[in-house]
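Subject: Structure handover and findings

Hello,

Here is the structure I promised you. Please load it first, then read the notes below it.

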Amino acid sequence: MAVLTEEQTMLRDMAREWADNESPVAAFRRLRDAAPAAGYDAAAWGEIGQMGWGGIVVPEAHGGSGMGYLSLGMVVEQLGRNLAATPLGAIGPAASAVVLGESEEAKADWLPRIAAGDVVATLAVDEGPIHGGAIATTVTDGRLTGTKAFVAESDSAAAFVVAAEDGLYLVTGDEGVTRSPRRMADARSHAEVRFEHSPAIRLGGPELTAKVVDYATALVTAEMLGLAEQAFGVTNDYLKTRVQFGQPLSTFQALQHRMAKMLTELELMRSVVEGALEAIDANRSDRDQAVSLAKAVAGDTLKLVSREMIQLHGGIGMTDEHDAGFYLKRAAVLEAMWGNAAYHRERFARLNGY
Amino acid sequence: MATAAELDAPTDPLAAFRSEARDWLAANLPKALAHKDGGLSALEGPHDPTPDEAAWTKAMGDKGWGVPTWPAAYGGGGLSRAEARVLQEEMARIGAWNPIGGMGVMMFGPTLLEYGTEDQKQEHIPRIARNEVRWCQGYSEPGAGSDLASLQMFAEDKGDHYLVNGQKTWTSGGQWADKCFALVRTDKTKKHEGISFLLIDMTSPGVEVKPIRLISGSSPFCETFFTDVKVPKDNLVGREGEGWTIGKRLLQHERSSLSGGGGSAGRMLAGKPLSQVAKEYRGTDAEGRLSDADLRMRLIRHEMDTRAFMLTLRRAALEAKSNSGPSAATSIMKNVGARIIQDRAELGVEIMGMAGLGWEGEGFSEAELAQTRTWLWGKAVSIYGGSSEIQNNIVAKRILGMLDHQ
């Protein structure tokens with residue numbers, strides 16, 4: 001755990017307590033079964049809005065608390081532990097795009113509502129199933145046209161921060177906007193979103209796109225950290241209770257060493273995730289490297305832990321009745337989101353002169 | 001740009017100490033030694049110090065700043081952790097290195113400060129602080145490696161002294177040591193509770209040392225034979241039977257000093273960035289990338305592992321501020337450090353091809369010959385100080401609460 005301020009410690013403890021009491025995995029299971037159109041738990045989201053978490057990266061002048069990405073990351077991590085289905089992770093970077101953007105009007109109109117949790121905003125960047133492909137979306141005379149793939153939390157989004165060829169734009173309202181839900185293994189909200197001559201406000205150039213995509217990536221690694229730690233903890237508990245050959249599984253050295261190896265990787269993962277969030281807060285020039293380091297390490301580690309969770313649970317882990325499958329499915333989506341480990345190793349290689 | 005001292009002044013309570021340290025270092029570090037770490041290597045053995053080195057060692061020893069946080073009453077610097085950090089910064093600033101080191105500083109001193117009697121501390125600690133006595137570790141035996149507690153070297157109670165018989169092995173620097181801190185058996189009826197912690201003078205009659213030649217060609221370890229060696233009773237640290245507890249505490253200090261290795265070596269190979277060395281040997285493609293795509297990705301995985309490890313060391317150091325000593329998590333770091341050292345050495349040999357396997361003589365650069373030896377020596381890192389498997393046992397038991405198989 002990074003060295004935290006008193007305010008950050010309180011926020012983290014509050015998020016952990018809220019996730020354990022109000023949003024256990026059972027809540028996600030109910031949501032999965034009910035499959036609401038918004039793709040998230042509206043009541044839980046209302047509470048999150050009340051607590052002000054929507055505004056953690058929004059400056060105080062615009063109705064937020066301006067605490068920054070390490071703070072938001074810790075909250076997202078705590079929610080991730082229990083697979084809490086909220087749009088919080090998508091909102092942060094979308095809000096940052098407006099904060100850093102050049103439109104004062106957009107700031108005044110949208111930031112207070114985002115901070116209060118009244119509206120959902122999300123990033124729409126990729127145009128295919130693999131992150132990092134070409135962007136064909138164009139803007140002519142303030143009207144944006146293009147098709148965005150696998151846009152997270154888009155079922156309920158009232159504001160889209162959209163990447164076009166020449167930079168980043170804010171699209172609000174429904175004019176020319178068509179959403180086609182994409183039901184995915186993680187049972188969360190994803191959709192293809194088509195924009196046809198939709199009114200768009202310019203926020204900034206391609207460098208702003210790159211920046212907020214890094215922010216989004218870093219937040220995803222925070223959620224991955226929460227998943228990985230919980231998947232590991234649940235597995236460790238299970239090995240102590242499951243008895244075979246007259247002994248708890250946890251007494252078998254072959255399993256002990258696999259667990260020790262995973263704990264080792266988790267420690268490294270925490271360091272790189274916190275490192276990326278801190279690099280964002282400090283506006284460091286090596287932010288891109290720190291984020292790629294975090295996403296690559298987080299991808300490898302979550303892959304290891306979530307797959308081992310199934311294997312070490314044995315048959316019960318294969319059943320829908322058990323939560324292990326939820327962790328595996330969300331893990332796989334997060335691994336692919338904003339570029340998988342291989343994508344970020346390649347990016348890191350170029351940034352380091354290889 | 002403001003200097004560190006200006007940033008501290010005038011409200012920073014450390015500003016006065018920083019200024020004192022800066023003046024003292026400037027006055028005492030021989031100019032020729034700046035940025036030339038002549039640190040006495042545990043691997044290659046001591047060399048005769050130059051007059052400059054001797055003067056620097058004496059100055060630091062008298063000041064107690066080689067062991068800055070040890071109590072001044074025992075020849076340490078008596079500094080707070082914050083002051084010691086300032087001293088370290090000031091030393092790094094002018095390229096001053098710490099001439100006081102070895103096993104006495106890293107492992108034995110901290111342990112004796114915790115468990116020794118007043119007389120023992122007065123006798124040994126100041127001499128470690130002044131680099132006057134070289135210590136070695138008598139732990140492993142031919143039949144007691146990972147299962148260290150099965151050690152057999154026996155210390156028989158002869159009233160006013162112990163009579164010690166047995167053999168130790170992997171005695172680091174045994175051929176150069178003045179004294180040995182050893183785990184001995186004082187009770188053959190109990191395993192762990194039959195072990196005691198004894199200090200043995202290496203010049204005693206009956207002590208014989210034979211260097212062990214390793215696969216790397218060097219001999220940093222010895223076999224040490226003890227035949228009817230008389231050891232005064234005053235040399236017992238703690239009580240009889242308390243040796244396992246004290247010995248384990250010392251191992252924690254050892255692990256925490258060993259775990260820094262992977263990070264401190266940085267990402268350099270033969271004094272250059274790994275990427276540059278790789279491109280020099282292997283060439284680049286049309287886009288300027290390392291031409292061997294498979295090697296390139298494995299180098300990147302290694303770079304990332306190293307970066308993650310350094311971030312973790314930094315995080316652990318910040319978090320440990322509230323704790324008094326090394327924690328069980330040190331085991332995690334020791335394994336990662338070992339993996340990084342070994343990966344880097346393997347990658348280095350691979351990058352250089354046949355040239356990275358030169359043993360001696362013509363046709364190889366110094367860096368290539370060094371790479372071979374570094375690679376071979378590196379295999380020890382996951383074995384000594386508790387093998388990686390033993391570290392994993394410790395992590396499973398102490399951190400994860402997984403019990404022994406019955």
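The ends of residues 5-118 of chain A have C-alpha atoms 28 Å apart, and the span is 66% helix and 0% strand. Helices (H or I, at least four residues) and strands (E, at least two) are DSSP runs, numbered from the N terminus. UniProt gives this span as "domain: Acyl-CoA dehydrogenase/oxidase N-terminal", in an unreviewed entry. UniProt positions follow the numbering used here, feature names are shortened, and annotations may be inferred rather than shown by experiment.

Some ground rules. This is a predicted model: local features need pLDDT of at least 70, side-chain atom pairs count only at pLDDT 80 or more, and totals for chains, interfaces and linings use all residues. Residues are numbered from 1 along each chain as its sequence is written, while chains are lettered from A and ligands numbered from 1 in the order in which they are written.

Two more annotated spans

UniProt lists residues 213-350 of chain A as "domain: Acyl-CoA dehydrogenase/oxidase C-terminal", again from an unreviewed entry. The end C-alpha atoms of residues 213-350 of chain A are 18 Å apart, and the span is 78% helix and 3% strand. In chain B, UniProt lists residues 136-229 as "domain: Acyl-CoA oxidase/dehydrogenase middle" (unreviewed entry). There the end C-alpha atoms lie 17 Å apart, with 0% helix and 51% strand.

Helix packing in chain A

Helix 7 (residues 206-241) of chain A packs on helix 8 of chain A at an angle of about 155°, with the axes 10 Å apart. Axes are lines fitted to C-alpha atoms, for helices over the stretch in contact, and angles run from 0 to 180 degrees between N-to-C directions. So helix 7 of chain A is roughly antiparallel (over 145 degrees) to helix 8 of chain A. Residues in contact have C-beta atoms, placed from the backbone, within 7 Å. Helix 7 of chain A contributes residues including Tyr215(A), Leu225(A) and Phe232(A), and helix 8 of chain A residues including Met259(A), Met262(A) and Met269(A). By class, this contact has 16 nonpolar, 2 polar and 2 charged residues. Ala, Val, Leu, Ile, Met, Phe, Trp, Tyr, Cys and Pro count as nonpolar, Asp, Glu, Lys and Arg as charged, and the others, Gly among them, as polar.

Chain B

Chain B has 13 helices and 10 strands. Of its 406 residues, 39% are buried. Buried takes 20 or more other C-beta atoms within 10 Å of a residue's own, exposed 12 or fewer, and partly exposed is in between; C-beta atoms are placed from the backbone. Among chain B contacts between residues at least 6 apart in sequence, 67% join residues at least 24 apart.

Helix 10 (residues 293-319) and helix 11 (residues 330-352) of chain B pack at about 150°, with their axes 10 Å apart. That makes helix 10 of chain B roughly antiparallel to helix 11 of chain B. The crossing of helix 10 of chain B with helix 11 of chain B is left-handed. Among the contact residues are Phe309(B) of helix 10 and Ile340(B) of helix 11. The contact of these two chain B helices divides into 9 nonpolar, 4 polar and 5 charged residues.

Where the chains meet

In all, 29 residues of chain A are in contact with 32 residues of chain B. On the chain A side, helix 8 (253-281), helix 9 and helix 11 (341-351) each supply at least two residues. Helix 8 of chain A gives the largest share, 12 residues. The chain A side divides into 15 nonpolar, 12 polar and 2 charged residues.

Single residues to look at

Phe150(A) has a positive phi of about 50° although it is not a glycine. Phe150(A) sits in strand 3 (residues 143-152) of chain A. It is buried, with 21 other C-beta atoms within 10 Å.

Trp338(A) also has a positive phi, about 60°, and is not a glycine. Trp338(A) lies in the loop between helix 10 and helix 11 of chain A. It counts as buried, with 26 C-beta neighbours inside 10 Å.

Asp320(A) is in the loop between helix 9 (287-313) and helix 10 (324-336) of chain A. Asp320(A) is exposed, with 10 other C-beta atoms within 10 Å.

Best wishes

Key:
Parallel < 35°, antiparallel > 145°, perpendicular 65-115°, else oblique. Left-handed = near helix turned anticlockwise from the far one by under 90°. Contact = placed C-beta atoms within 7 Å.
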